[in-house]
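Okay, thanks for coming, everyone.

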Amino acid sequence: TINTHGLCFGTDTAAANALDDYEEGTFTPDWNGSSAGTTTYSTNQGSYTKIGNLVHIRIYSGINGTSGSGAWRVTNLPFSSPNSTAHITTGSCMTDGLNIENNYTWVVPYKNSNSSQLDLYASKDNDGWDQVSISDDSSFAIILGITYTAA
């Protein structure tokens, strides 16, 4: 049913449970280093679906190079996340041409709390996480998806 609070399911009429926000859109991901810089692309597209406070983003970027340095990060996400470690999340991705140092093999997009940015981390068997650095590679393609909570 639809009431003044939004769309409710079954016999539930509580405002806290009503679906009152649905949005789709596009955005332009900004890939740069933790020490900023300017990045060039062969393609760079982002889209999102927001339902309530859940946001799912999709990014397809072909990165040709950057003048940035430090760790790779994506800014200009459509929504920031709340300031709570309960809202830290990871997603999935596939890369083409990404060379990662020290035999790290598994790359994941990481969304920290209280942030409107996304970082790339890598891991390998029986070892810790390592932030993917521009010094690892400054030219690659990536397709990723991640779902996170909006503030």
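This is a predicted model: local features need pLDDT of at least 70, side-chain atom pairs count only at pLDDT 80 or more; totals for chains, interfaces and linings use all residues.

Residues are numbered from 1 along each chain as its sequence is written, and side-chain values use heavy atoms, with hydrogens and water left out.

We have an open sheet of 5 strands in the order E3-E5-E6-E13-E9, with antiparallel pairing. E3 and strand E9 (92-96) sit at the edges with a single partner strand each, so one side of each has no neighbour in the sheet. On average, neighbouring strands here are turned by 10 degrees against each other, direction ignored; those axes are lines fitted to C-alpha atoms, for helices over the stretch in contact, and angles run from 0 to 180 degrees between N-to-C directions. Strands are DSSP runs of at least two residues, numbered from the N terminus, and two of them pair if DSSP finds at least two bridges between them. E9 and strand E13 (residues 140-149) pair antiparallel over 5 bridges, and there you'll find Thr95 opposite Ile142 in E13.

Now the inside. In soluble globular proteins, nonpolar side chains tend to be buried together. Here, the largest nonpolar core has 26 residues, and Trp31, Ile57, Ile59, Trp72, Leu77 and Leu120 touch the most other members. A core means buried Ala, Val, Leu, Ile, Met, Phe, Trp, Tyr and Cys residues joined through side-chain atoms within 4.5 Å. Strand E6 (54-66), E7, E11 and E13 each supply at least two residues, and E13 gives the largest share, 5 residues.

What about charges? Using side-chain nitrogens of Lys or Arg within 4 Å of a carboxyl oxygen of Asp or Glu, the count is 3 salt bridges. In one, Asp21 meets Lys50, with the closest N and O atoms 2.3 Å apart. Asp21 is in the loop between E2 and E3 and Lys50 is in strand E5 (residues 39-51), so this pair ties together parts 29 residues apart in sequence. Buried or exposed, for Lys50? Buried, at 9% relative accessible area; the cut-offs are under 20% for buried, over 50% for exposed, and partly exposed in between, with a 1.4 Å probe and protein chains only.

Another salt bridge joins Arg73 and Asp119 at 3.1 Å, N to O. It links Arg73 in strand E7 (residues 72-75) with Asp119 in strand E11 (residues 118-123), 46 residues apart. Arg73 is buried at 18%, and Asp119 is buried at 7%. Then there's Asp127 with Lys124, at 3.5 Å; Asp127 counts as partly exposed at 43%.

Most residues other than glycine have a negative phi. Asn114, not a glycine, has a positive phi of about 50 degrees, and this residue lies in the loop between strand E10 (106-111) and E11. Asn126 has a positive phi too, about 60 degrees, in the loop between E11 and strand E12 (130-131). Asn126 is exposed at 76%.

That's my tour, so over to you for questions.

Definitions and conventions
Helices (H or I, at least four residues) and strands (E, at least two) are DSSP runs, numbered from the N terminus.
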